[in-house]
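Hi everyone, thanks for coming. Have a look at the sequence and the model on the screen, and then I'll walk you through a few parts of it.

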Amino acid sequence: PSWEKASSDVIESAASEERPIVIYFAGEKENDFTVYGEELRELSDNEAIFIKFDYNADREEDPFAEDSVVPTNPLLSDNPAREYGVPAGSAGTILVCDWYGNKYFQMKSKSKADAIRSMISKVADKVEKEEKSLRKNLEKAQASMEKEDRKNAIKSLLKNFKDGQVGLDAQQESIALYHEIMDAAREELSELTSSGDVDGLKKLAGDMKKTDMEDEVKQ
C-alpha cells in the first residue's frame with residue numbers, strides 16, 4: 001500500500017474526502033513486507049488511506065497525560081497502539097477506522113485484501129449510525145439546558161464522551177456545549193467562593209460530578 005504518516009493533515013484530507021483510514025500496527029516479528037500486494041495498493045490509492053506504525057511494546061499509561069472526560073484522537077496521541085488497545089506481541093494488527101480515526105473493525109495483519117475491502121465498505125453505515133446516536137444525546141442535553149437543568153445536560157454529554165468518538169459533527173457540537181457549561185460553571189464557582197455560599201457550592205459540586213471540574217469544586 002501507499003503508506004501515509006499519522007498527522008492532522010492526513011486526517012483532514014481523509015475527512016474532506018470521507019475516506020476510511022486503515023491502520024497497520026506491525027508485530028514484533030513482522031517487517032514492511034507483511035502487508036503488501038497489488039490489491040492493497042489499489043485500496044490505498046482509491047478507497048482508503050493507509051497508515052503504518054512500527055512495533056512498539058509500550059502499553060503503560062502516560063503519567064503526564066491531560067486528564068479530561070473530553071475524548072481526543074488516539075491516532076494523534078504519543079502512543080496510538082496503547083490508545084487503541086492494540087495487543088503487544090509477535091502478531092500485527094490492522095484497524096479499519098472512519099475518516100476521523102474512530103475504530104470500527106480490528107483484524108490480524110495477514111488478513112486478505114477482500115476482508116479489508118469488506119470492512120471499508122461498511123464504515124459509512126457505521127458512521128451514520130454513530131452520528132444518530134450522538135445526536136440523540138446532544139439534543140437531550142440541549143433540551144435540558146433550555147430548562148436550566150445543567151446536571152442532566154452534563155449526563156447526556158458524558159454519554160457521548162464515553163466511547164471516545166471524535167470528529168463527528170454531533171460530537172464536536174457536544175464538546176462545544178460541554179466547554180460552554182464548564183466555562184459558566186467556573187465563573188459561578190468563583191462567585192460562590194467569594195461570597196462564601198456553602199449551599200450554592202454543594203449544588204455546584206453535585207452538578208459537576210464526573211466532569212473535569214469535579215475535583216476543582218471539592219477543593
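Let's begin with a helix pair: S133, L134, N137, L138, K140, A141, S144 and M145 in α4 meet R150, N152, A153, S156, L157, K159 and N160 in α5, where contact means heavy atoms within 4.5 Å. The residues of this contact divide into six nonpolar, six polar and three charged; Ala, Val, Leu, Ile, Met, Phe, Trp, Tyr, Cys and Pro count as nonpolar, Asp, Glu, Lys and Arg as charged, and the others, Gly among them, as polar.

A word on the source: this is a predicted model, where local features need pLDDT of at least 70, side-chain atom pairs count only at pLDDT 80 or more, and totals for chains, interfaces and linings use all residues. Residues are numbered from 1 along each chain as its sequence is written, and side-chain values use heavy atoms, leaving out hydrogens and water.

How are α4 and α5 oriented to each other? They pack at an angle of about 170 degrees, their axes 7 Å apart, and are therefore roughly antiparallel (over 145 degrees).

Now the sheet: five strands form an open one, in the order β1-β3-β2-β4-β5, with mixed pairing. At its edges are β1 (3-4) and β5 (103-108), each pairing on one side only. Strands β2 (residues 21-25) and β4 run antiparallel, joined by five bridges; pairing takes at least two DSSP bridges.

Finally, T93 sits in strand β4 (residues 93-97). Is T93 buried or exposed? Buried, because its relative accessibility is 5% (the cut-off is under 20%, with a 1.4 Å probe and protein chains only).

Terms used. Helix = DSSP H or I, 4+ residues; strand = E, 2+ residues; numbered from the N terminus. Buried < 20%, exposed > 50% of the residue type's maximum accessible area, 1.4 Å probe, protein only. Axes fitted to C-alpha atoms, helices over the stretch in contact; angles between N-to-C directions. Parallel < 35°, antiparallel > 145°, perpendicular 65-115°, else oblique.
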